[in-house]
Amino acid sequence: MAPVTVSIVTYNSAHIFEAVARFKSEVLAHYPVTLRIFDNHSAPAYVEKLQALASEQVIITAADDNHGFGYGHNVNLVQSKTDYFVCCNPDILIDRTSFVTMYDYLASQPAVSMITPKITDPDGQVQYLIRYKLDVFDYLLRFVRFNFVKRLFAKRIARYECRDLSDERQQIRFGSGAFMFLRTSILRQIGGFDERFFMYFEDNDLCMRINQAGGQIFYLPDAPVIHYYARDSHKSSRGFKLFLTSMYRYFNKWGWRFF
């Protein structure tokens with residue numbers, strides 16, 4: 001296996017210590033993989049605990065301010081010299097088999113720029129995070145609290161969430177930022193993440209630019225990862241405001257599509 005950089009951006013994430021322990025035992029102990037953790041100005045006690053994890057293979061960067069998800073990955077990208085770069089959420093658990101499956105596929109398919117795994121809850125339920133297309137109506141449907149409305153648009157929501165994907169390896173348009181296994185060259189070619197997206201839509205924007213550059217994004221259902229997945233946009237007014245701001249920036253950049 002060629003050297004790989006795994007980039008994690010965290011902000012007071014309770015799950016990162018379990019995630020790092022899993023990476024150490026399942027991946028770092030066996031392969032030339034460097035884990036770069038960028039902390040977005042978390043609480044001092046949290047940062048101190050995080051820095052205690054530092055080693056030759058685990059590199060910690062503690063920021064003096066929070067500039068967002070994409071900014072942290074871009075800093076790690078600049079410091080990385082490997083041919084492969086993984087963007088990973090701090091609440092992802094992965095095993096050795098899934099990591100190697102994704103690496104092997106990417107290494108053997110020169111036309112493929114990015115791999116998206118099957119993402120599940122800890123209990124094995126699939127999280128439907130892959131998208132075929134993006135429009136305002138489908139995004140806002142996620143925030144409707146009335147079940148009868150969701151039942152009315154059940155088929156549309158299912159299409160939006162790509163629930164009909166088969167268990168075959170296949171090309172997709174939009175993968176989730178929770179876990180992206182990428183060629184470093186495509187990231188450098190497109191200029192990394194657009195840092196105007198503080199949180200939300202930065203992964204959609206990245207996928208759009210990969211597609212625009214002629215890269216292929218593939219879904220590998222035979223390489224599952226576990227994601228604890230907390231929807232902050234649904235839980236707080238601040239999260240919802242950040243979501244709406246990023247949604248506005250995304251559609252303003254790529255064109256407004258309402259349906």
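Is Tyr248 buried, partly exposed or exposed, and what is its relative accessibility? In this predicted model, Tyr248 counts as partly exposed because its relative accessibility is 47%. The close-ups below start from this residue.

**View 1. Tyr248 and Trp256 form an aromatic pair.** Their ring centres lie 5.8 Å apart, and with 55 degrees between the planes the pair is tilted. Trp256 is partly exposed too, because its relative accessibility is 37%.

**View 2. Ring pairs build a cluster that includes Tyr248 and Trp256.** Look at Tyr160 here: the charged end of Arg131 sits over its ring, 4.3 Å from the centre.

**View 3. Helix H4 covers residues 96-108.** Its 13 residues reach 18 Å from first C-alpha to last, close to the 18 Å expected. At the start of the helix, a side-chain oxygen of Asp95 comes within 3.2 Å of the backbone nitrogen of Thr97. Buried residues of H4 include Ser98, Phe99, Met102 and Leu106.

**View 4. Phe99 sits in the largest nonpolar core, which has 38 residues.** Together with Phe23 and Phe181, Phe99 touches the most other members. Helix H1 (residues 16-28) gives the most to this core, with 6 residues. Among the contacts of Phe99 are Met1, Val33, Val86 and Ile94. Another core, of 34 residues, lies apart from this one and includes Leu77, Val136, Tyr200 and Phe243.

**View 5. Lys49 meets the ring of Phe17.** Here the charged end of Lys49 sits over the ring, 4.4 Å from its centre.

Methods: Residues numbered from 1 in each chain as written. Predicted model: local features only at pLDDT ≥ 70, side-chain atom pairs only at ≥ 80, totals over all residues. Heavy atoms only, no water. Helix = DSSP H or I, 4+ residues; strand = E, 2+ residues; numbered from the N terminus. Expected span 1.5 Å × (residues − 1). Buried < 20%, exposed > 50% of the residue type's maximum accessible area, 1.4 Å probe, protein only. Polar contact = N/O pair within 3.5 Å; in protein donor to acceptor, adjacent residues only side chain to side chain. Core = buried A, V, L, I, M, F, W, Y, C linked by side-chain atoms within 4.5 Å. Contact = heavy atoms within 4.5 Å. Phe/Tyr/Trp six-rings, centres within 6.5 Å; stacked < 30°, edge-to-face > 60°. Lys NZ or Arg CZ within 6 Å of the ring centre and 35° of its normal. Lists of a residue's contacts leave out its neighbours within four places in sequence.
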